[in-house]
Amino acid sequence: MTPIGPSPVVTRPSVLPRGVLAGYALGSLVTGAFGTVPGLLLLPYLTDTLGVAAGVSGLLVLLPKAWDVLVNPLAGRISDRSGSRRPFLLVAGLLLGVLFAAIFGAPFTGEAASGAYVAIAFLLAATAYAFFQVPYVAMPAELTDGYAERTRLMTWRVAVLAVAILISGAIAPLVVDATGGGRTGHRWSGLFVGLLIAVGTVATFLGTRKASSRTASEAEPSLAAQLCVASANAPFRALLLCWVVQAAGIGTMLAGVQYFADHVIHQKAGGTFLFAAFVGPALLVMPLWSRVGRRHGKLRSLIAGSLLFAGGALVLLASPTLPPVAVYLVVAVVGAGYAGQQVFAMAMLPDCIAYDTARTGRRQAGVFTGLWTAGETLGLALGPGIYALVLQLFGYVSSATGEAAAQDATARLGVLLGFTVLPALLVGVAVLLLRGYREVARSEEVGS
């Protein structure tokens, strides 16, 4: 059987300047912060500060991001028809910074009114994020025509993404605690992350101003036609399904960090340490993953990273009997797997786009990345929703005091299973979905 997959066939490899690599990568301050902090803080904010029931809280977190499933393809279509994607980054990114701060600024005292306010603010922020993320993710396929160069670009991006997740995910909870906790602490934390998003926006807009762009000559005549072309791309379809399910697994684990710290390992600053253990190793293992990818190919390397993530998550089932240091070490292994998942999946996406462009001669990267980011957003939204459902089923008790309520043994078991078994199962299923993706024999670019 002839394997299906995007071919690294180009006429001449292009090497990106370090300034462009760094400029593009700094956009991960935006995507990392918005992809991490809501999944980390928003569910506990609703259940333990605003007093909203766990099941309702999960729905409030899920619906605004599910909205992006509709908005992201539209953002891709609009950005495809524009002359440049960079203006989208600036306008949408700055607006996102303001709206993000607003999410954690609920001015109402009632549970229903506060929950509705958070849902609306989150919906508006998710819409702004769509118009930043879709053009941003579309850019690699247009910045370089080199198969290996796209891996290099994604390595830079994921390295900065790891820093962004570490800064936003580890420091945001500290800001909450340092500024008094409760509603006040969350307002300051929202402002901090909003400013981080604004900095990343300006940095990537300015950093890519001198980058050349390679685009195909024309686009499909309608959004429906473009979606049909994307769905007919078998490698892209398999990769997208894997990406969505993996995002759900990652989102489930992120949603459980604070609950896991409070009710399983019983560490007051455990959320921060868990995040540092999860993200910190990514910076160290990134060069290793790059070498693994060159030797074994992107597909096998993605599978290896996924299995490392799932295996480490299952080991965490023993957390109630382990000392906190051992738990953090296992989480570091999970983080190393997460780094591999991110770098190779994102490096394979531009290959799928380039494969389609070579086949059709049309410029439609925005539609592929619109579907890609919509899928990622849906997966990351499903994660907290799934975790909240588990909490509800296991009888988790909400609180409006700003402090987590004491939980019984059944609720604590739900916290543990949602943080360990569920992410492992989801990532394992995602690996099986990669059967529809076959990477052709890798070859060096002609003329290199």
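The model is a predicted one, with local features needing pLDDT of at least 70 and side-chain atom pairs counting only at pLDDT 80 or more, while totals for chains, interfaces and linings use all residues. Residues are numbered from 1 along each chain as its sequence is written, and side-chain values use heavy atoms, with hydrogens and water left out.

The chain has 17 helices and 0 strands; both are DSSP runs numbered from the N terminus, helices being H or I with at least four residues and strands E with at least two. Of its 448 residues, 59% are buried, where buried means under 20% relative accessible area, exposed over 50%, and partly exposed in between (1.4 Å probe, protein chains only). Looking at contacts with a separation of 6 or more, 86% join residues 24 or more positions apart, a contact being heavy atoms within 4.5 Å.

On to the helix pairs. Two packed helices are described by the angle between their axes and the distance between the axes. Here the axes are lines fitted to C-alpha atoms, for helices over the stretch in contact, and angles run from 0 to 180 degrees between N-to-C directions. Angles under 35 degrees count as roughly parallel, over 145 as roughly antiparallel, 65 to 115 as roughly perpendicular, and the rest as oblique. As for handedness, a crossing is left-handed if the near helix is turned anticlockwise from the far one by less than a right angle, and right-handed if clockwise.

Take α2 (residues 28–48) and α3 (residues 54–66) to begin with: their axes come within 9 Å and cross at roughly 150 degrees, so the pair is roughly antiparallel. The crossing is right-handed. On the α2 side, Phe34, Leu42, Leu43, Leu46 and Thr47 do the touching, and they meet Ala54, Ser57, Gly58, Leu60, Val61 and Lys65 of α3. By class, that contact has 7 nonpolar, 3 polar and 1 charged residues; Ala, Val, Leu, Ile, Met, Phe, Trp, Tyr, Cys and Pro count as nonpolar, Asp, Glu, Lys and Arg as charged, and the others, Gly among them, as polar. Ser57, which sits in α3, is buried, with a relative accessible area of 0%. Not counting residues up to four places away in sequence, Ser57 touches Leu43, Leu46, Thr47 and Val52.

Helices α5 (residues 86–103) and α6 (residues 111–138) have axes that come within 8 Å and cross at roughly 160 degrees, so these two are roughly antiparallel to each other. Their crossing is left-handed. Among the residues that meet are Phe88, Leu89, Gly93 and Leu96 in α5, and Tyr117, Phe122, Phe132 and Pro135 in α6. The class count for the contact of α5 with α6 is 20 nonpolar, 1 polar and no charged residues.

With α11 (residues 234–263) and α16 (residues 409–419), the axes again come within 8 Å, but the angle is roughly 140 degrees, which makes α11 oblique to α16. The crossing of this pair is left-handed. In α11, Thr252, Met253, Gly256, Val257, Tyr259, Phe260 and His263 meet Arg412, Val415, Leu416, Gly418 and Phe419 in α16. These residues divide into 7 nonpolar, 4 polar and 1 charged. Also in α16 is Gly414, buried with a relative accessible area of 0%. Leaving out residues up to four places away in sequence, Gly414 touches Val390 and Phe394. Its C-alpha atom is 8.8 Å from that of Gln392, 22 residues away along the chain.

Two further buried residues round out the picture. Thr369, in helix α15 (residues 365–393), counts as buried at 0% relative accessibility. Beyond its neighbours within four places in sequence, Thr369 is in contact with Val134, Val137, Ala138, Leu349 and Ile353. Thr369 and Asn72 are 297 residues apart in sequence, yet 8.3 Å apart in space, C-alpha to C-alpha. Leu434 lies in the segment after α17 (421–433) and is buried at 3% relative accessibility. Not counting residues up to four places away in sequence, Leu434 touches Ala238, Leu239, Cys242, Leu299, Leu302 and Ile303.
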